[in-house]
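Biologist: I am new to this structure. Could you please show me how to read its features, one at a time?

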Amino acid sequence: MLMEKGKGGLIEVRCPCCEATLQIDPELKAVISHEEHQKPRSIEDIGAAVQKLKGEEARRSEVFQKSFEDHKSHHKVLERKFDELLKQAKANPDAPPPRKPFDYE
């Protein structure tokens, strides 16, 4: 928050959130003037923005396809883990069962 004595005894305050400038009269305890922070334009060239969006679309599509393939093979991974644990249980039937998460409390 930036405070400066401005013209006519007004205090100028800069908002830390939105960076707006407020001019406050300390005698009246009221905001006299408010000026919003001017943000610079984020898109200078519309053609460059379109190209950027097309590149992002291809990247999103690629990430979706990878996620989809991982999801399809997830069932096989779980089945393989189950088979391996079942094989270990049959090989060593006297071993105690694994502890459950709530057993650690």
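Biologist: How many residues apart are E69 and K72 in helix α1?

Modeller: In this predicted model, E69 and K72 are separated by about one helical turn, because they stand three residues apart in helix α1. The two form a salt bridge, with 3.6 Å between the closest N and O atoms.

Biologist: Are E69 and K72 exposed or partly exposed?

Modeller: Exposed requires over 50% relative accessible area. E69 has 41% relative accessibility, so it counts as partly exposed. K72, at 48%, is likewise partly exposed.

Biologist: Which residue forms a salt bridge with K66?

Modeller: The partner of K66 is D70, and their closest N and O atoms are 3.2 Å apart. Both residues lie in helix α1, four residues apart, about one turn of the helix. K66 counts as exposed because its relative accessibility is 55%, whereas D70 is partly exposed at 41%.

Biologist: How many salt bridges does the count come to?

Modeller: The count comes to three. Among them is the salt bridge of K87 with E84, whose closest N and O atoms are 3.6 Å apart. K87 and E84 also lie in helix α1, three residues apart.

Biologist: Where is the kink in α1 centred?

Modeller: The kink, of about 35°, is centred on S73. Helix α1 covers residues 46-91 and reaches 66 Å from its first C-alpha to its last, close to the 68 Å expected.

Biologist: How many bridges join strand β3 to strand β4?

Modeller: Five bridges join these antiparallel strands. I24 stands opposite V31 in β4. The strands form a hairpin with four residues between them, and K29 in the turn has a positive phi of about 55°.

Notes
Residues are numbered from 1 along each chain as its sequence is written. This is a predicted model: local features need pLDDT of at least 70, side-chain atom pairs count only at pLDDT 80 or more; totals for chains, interfaces and linings use all residues. Side-chain values use heavy atoms; hydrogens and water are left out. Helices (H or I, at least four residues) and strands (E, at least two) are DSSP runs, numbered from the N terminus. The expected span of a helix is 1.5 Å times one less than its number of residues. The bend at a residue is the angle between axes fitted to the seven residues ending there and the seven starting there. Two strands pair if DSSP finds at least two bridges between them. A salt bridge is a side-chain nitrogen of Lys or Arg within 4 Å of a carboxyl oxygen of Asp or Glu. Buried means under 20% relative accessible area, exposed over 50%, partly exposed in between (1.4 Å probe, protein chains only).
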